[in-house]
Amino acid sequence: MKEKVMDYVVIKAIEDGVNVIGLTRGSDTRFHHSEKLDAGEVMIAQFTEHTSAIKIRGNAKIFTPFGQMESEKK
């Protein structure tokens with residue numbers, strides 16, 4: 001049986017204190033995991049059967065299969 005390949009997202013913090021928050025899948029969306037990144041740190045995240053969304057707070061570069069973007073600090 002072939003394993004289903006999930007999409008990966010690479011997040012590189014541009015500043016200290018970037019928050020990466022994983023959100024659950026299902027009818028009641030909830031936070032299930034969070035990480036704090038400092039400038040220069042990189043996190044590789046994956047969408048799974050439990051993770052349907054990833055929220056990023058702070059200034060970071062985000063690399064996805066669909067392209068590259070930057071989150072902004074308000």
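Helices (H or I, at least four residues) and strands (E, at least two) are DSSP runs, numbered from the N terminus. With that noted, I started with the layout.

**Ground rules.** I'm looking at a predicted model, where local features need pLDDT of at least 70 and side-chain atom pairs count only at pLDDT 80 or more, while totals for chains, interfaces and linings use all residues. Residues are numbered from 1 along each chain as its sequence is written, and side-chain values use heavy atoms, leaving out hydrogens and water.

**Overall layout.** Reading the protein chain from the N terminus, I get β-β-β-β-β-β-β. That is seven strands and zero helices. I checked the box around the C-alpha atoms, and along the principal axes it is roughly 40 × 25 × 15 Å.

**Surface and burial.** I take buried as under 20% relative accessible area, exposed as over 50%, and partly exposed as in between (1.4 Å probe, protein chains only). Of the 74 residues in the protein chain, 24% come out buried. For areas I rely on the Shrake-Rupley method with a 1.4 Å probe; for residues, only the protein chains shown count as cover. The protein chain exposes about 5,600 Å², and carbon and sulfur atoms supply 50% of that.

**Charges.** I count Lys and Arg as positive and Asp and Glu as negative, without His or the chain ends. Each charge is placed at NZ of Lys, CZ of Arg, CG of Asp or CD of Glu. The protein chain has 11 positive and 11 negative side chains, and the centres of the two sets lie 4 Å apart.

**The core.** A nonpolar core here is a set of buried Ala, Val, Leu, Ile, Met, Phe, Trp, Tyr and Cys residues joined through side-chain atoms within 4.5 Å. Which residues make up the largest one? I found nine: Val-9, Ile-11, Ala-13, Val-18, Val-20, Leu-37, Met-43, Ala-60 and Ile-62. Strands S1 (8–13), S2 (18–24) and S6 (60–64) each supply at least two residues of this core. S1 gives the largest share, three residues.

**Contacts along the chain.** By contact I mean heavy atoms within 4.5 Å. Looking at contacts in the protein chain between residues at least 6 apart in sequence, I see that 60% join residues at least 24 apart. I then picked Ala-13 and set aside its neighbours within four places in sequence; its contacts include Val-18, Leu-37, Gly-40 and Ala-60.

**Glu-15.** Next I went to the loop between S1 and S2, where Glu-15 is found. For polar contacts I look for a pair of N or O atoms within 3.5 Å; within protein, one must be able to donate a hydrogen and the other to accept it, and residues adjacent in sequence count only if both atoms are side-chain atoms. The side chain of Glu-15 reaches the backbone nitrogen of Asn-59 at 3.0 Å. Not counting residues up to four places away in sequence, Glu-15 also touches others, including Leu-37, Gly-58 and Lys-73.

**Strand S7.** Ser-71 lies in this strand. Is Ser-71 buried or exposed? I have it as buried, because its relative accessible area is 12%. A polar atom of its side chain lies 2.5 Å from the backbone oxygen of Gly-58. Gly-67 is in S7 too (residues 67–71), and I put Gly-67 down as partly exposed because its relative accessible area is 29%.

**Chain end.** Lys-74 is in the segment after S7. Lys-74 counts as exposed because its relative accessibility is 99%.
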